[in-house]
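Colleague: Please put the structure up. I would like to go through the terms used for it and ask what each one rests on.

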Amino acid sequence: MGSAVASQFEMSPEYSVRESPKAKHVSLKMSIKGNLEVIIPKGFDQNRIPEILQQKQSWIERVTRRMATQQALAGSDVLADRPERIALQAIAENWHVDYSPNQKSGIRAKEYSGCRLVLQGDTGNAEDCKTVLQQWIAHKARVHFAPWLRSISRDLALPFQGISIRQQKTIWGSCSIRKMISLNSKLLFLSPPLVRYVLIHELCHTIHLNHSSDFWTLVGTYEPNYETLDANLRDARYLVPWWMEQ
């Protein structure tokens, strides 16, 4: 692991460099906290990195804007160990989070009117708070996504057999051969149009369990703007707050 600053890159970001024996080409990875990592193949000339960063400037700027948007929505420092606000774009809810420490073991989350969430217990333990918040997000996702998916399923006449909520790292949803749909709880942080697109996408997989031309034709039948939505979805993970990371 090394680090460098691309001096030839106008307004260049700081970045770390990781040499990967599995890498076949240079790739960029931005963490939710805004740390840029340049992954290079073994033996790659690091003097070429500034030029690559310049070529990828539009991507870096786009991702940085998305992260700034999430930080503004959250209303707190992205580096804070515990969030003070949680913005659930998908369901238009903005929650204020309070921490109420007491002598009881463990932590529990309790909802109050006015979108106020209180964590009670050993709230000095930031990691445990993070776990409880992730569990709360999963609960909210089950409550809201199941009826949303059923409604779209009826409207499009694309039946499915069941739904599960998970916290996948790299995918927003999946559909099995048995027409069981799994949705990522992190979808709560995305805009309603993006979430709706994911639901339509997975329902179309009940007909085509692939990404063939027939599949995309079916998707386009129900969502004509799917290409733009799919492109926006690629960077949507930067709308997910850091404490949702496993």
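Modeller: Contact here means heavy atoms within 4.5 Å. The model is predicted. Among contacts in the chain between residues at least 6 apart in sequence, 46% join residues at least 24 apart. The chain has 6 helices and 11 strands, and 44% of its 246 residues count as buried.

Colleague: Why is helix 4 called roughly perpendicular to helix 6?

Modeller: The axes of helix 4 (residues 192-204) and helix 6 (residues 226-234) cross at roughly 105 degrees and come within 10 Å. Angles of 65 to 115 degrees count as roughly perpendicular, so helix 4 is roughly perpendicular to helix 6.

Colleague: Which residues make that contact?

Modeller: Helix 4 contributes Pro 193, Leu 194, Tyr 197 and Val 198, and helix 6 contributes Tyr 226, Leu 229, Asp 230, Asn 232 and Leu 233. By class, the residues of this contact are 7 nonpolar, 1 polar and 1 charged. Tyr and Pro count as nonpolar under the scheme used.

Colleague: What makes the buried residues of helix 5 line one face?

Modeller: The buried residues of helix 5 (residues 213-222) are Phe 215, Leu 218 and Val 219. Viewed down the axis of helix 5, they fall within an arc of 100 degrees, so they line one face of the helix. In general, an α-helix has 3.6 residues a turn, so residues three or four places apart point the same way.

Colleague: What do the buried residues of helix 5 pack against, and which exposed residues are on the face turned away?

Modeller: The buried residues of helix 5 pack against helix 4 and helix 6. The face turned away from the buried side carries Ser 213, Thr 217 and Thr 221, which are exposed; the cut-off for exposed is over 50% relative accessible area.

Colleague: What makes strand 9 and strand 10 edge strands?

Modeller: The open sheet has 3 strands in the order 9-11-10, with mixed pairing. Strand 9 (162-166) and strand 10 (173-175) each pair on one side only, and that is what the term refers to. Neighbouring strands of the sheet are turned by 15 degrees against each other on average, direction ignored.

Colleague: How do you know that strand 10 and strand 11 pair?

Modeller: Pairing requires at least two bridges. Strand 10 and strand 11 (residues 180-184) have 3, in the antiparallel sense. Cys 175 stands opposite Ile 181 in strand 11.

Colleague: Which helices lie across these strands?

Modeller: Helix 3 (residues 126-156) lies across strand 9 and strand 11, at about 150 degrees to strand 9. Helix 4 lies across strand 10 and strand 11, at about 155 degrees to strand 11.

Technical notes:
Residues are numbered from 1 along each chain as its sequence is written. This is a predicted model: local features need pLDDT of at least 70, side-chain atom pairs count only at pLDDT 80 or more; totals for chains, interfaces and linings use all residues. Side-chain values use heavy atoms; hydrogens and water are left out. Axes are lines fitted to C-alpha atoms, for helices over the stretch in contact, and angles run from 0 to 180 degrees between N-to-C directions. Helices (H or I, at least four residues) and strands (E, at least two) are DSSP runs, numbered from the N terminus. Angles under 35 degrees count as roughly parallel, over 145 as roughly antiparallel, 65 to 115 as roughly perpendicular and the rest as oblique. Buried means under 20% relative accessible area, exposed over 50%, partly exposed in between (1.4 Å probe, protein chains only). The arc is that of the directions from the helix axis to the C-beta atoms.
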